[in-house]
Amino acid sequence: MVGCGKADETKKGQSFKLLDAWAAEIPLTGGDIRFCSRFTMANKAEKWETNAAGKFYVDQQCIDCDLCRETAPAFFSRSEEGGYSYLSKQPTTEEDIAACMEAMEGCPVEAIGNDGDV
Ligand code: SF4
C-alpha cells in the first residue's frame, strides 16, 4: 500500500496524488471521499472468522471504508470491535449474488472474495 486514507474538511479543494502504478490524481471535494491504492486480490486463507460460511468472504485487508455495507447492506456487516467488514449472510438468489458481486468489484483494496468454501 502506498497511499490510503480518508479526506477531511481541512483538505477540501486539494488533491491527493497516489504514488502507485495508477499515478492517479484525485480531487478532494468533501469530507466523505475515500481513496486507496490497489492491493492484491482477496485471500481466503486470511478471511475473518466472523464471515458466514460459504462462497463470499472478506479478508484481513479490509480498511473499513464502508462501501460494501452501503452497496449490499443485507450481506455485509461491520465488526464494531475489530473495525472491519465481514459477510454476515451468504447470498442465495441471482439478485443477491449480483449485489455481492457489485460490492466485491467496488472494494478499493480487493478484500472481498467469492472463492470461499461452499
Ligand atoms: S468495501 Fe472492502 S475495504 Fe471497504 S469495508 Fe468493504 S471489504 Fe472493507
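Tyr84 and Tyr86 are both buried, a word that here stands for under 20% relative accessible area, while exposed stands for over 50% and partly exposed for what lies in between, computed with a 1.4 Å probe on protein chains only. For Tyr84 the relative accessible area is 10%, which is why Tyr84 counts as buried. The model is predicted, so that local features need pLDDT of at least 70 and side-chain atom pairs count only at pLDDT 80 or more, whereas totals for chains, interfaces and linings use all residues. Residues are numbered from 1 along each chain as its sequence is written, and side-chain values use heavy atoms, with hydrogens and water left out.

**Aromatic pairs**

The structure holds 2 aromatic pairs, where rings of Phe, Tyr and Trp (its six-membered ring) pair if their centres lie within 6.5 Å, and where planes under 30 degrees apart count as stacked, over 60 as edge-to-face and the rest as tilted.

| Pair | Centre to centre | Between the planes | Kind |
|---|---|---|---|
| Trp48 and Tyr84 | 3.6 Å | 10 degrees | stacked |
| Tyr84 and Tyr86 | 6.4 Å | 70 degrees | edge-to-face |

Together, Trp48, Tyr84 and Tyr86 form one aromatic cluster.

Ser88 lies in the loop between β7 and α2 (94–106) and, at 31% relative accessibility, counts as partly exposed. The C-alpha atoms of Ser88 and Val58 are separated by 10.0 Å, although the two residues are 30 residues apart along the chain.

**The cavity and the ligand**

The structure holds 1 cavity of 30 Å³ or more, a cavity being a set of points, on a 1 Å grid over the protein atoms alone, where a 1.4 Å probe fits but cannot get out, with lining residues having an atom within 4 Å of a point. The largest cavity has a volume of about 90 Å³, volume being the space filled by probe spheres set on the points. Its lining is made of 15 residues, of which Cys62, Cys65, Cys68, Ser85 and Cys107 lie nearest the centre, and helix α1 (residues 67–71) gives the most to this lining, with 3 residues.

The ligand sits in the largest cavity, meaning that more than half of its atoms lie within 2 Å of the grid points.

Key. 1 Å grid on protein atoms, 1.4 Å probe; cavity = no way out; pocket = protein on both sides within 12 Å on 5 of 7 lines; lining within 4 Å. Helix = DSSP H or I, 4+ residues; strand = E, 2+ residues; numbered from the N terminus.
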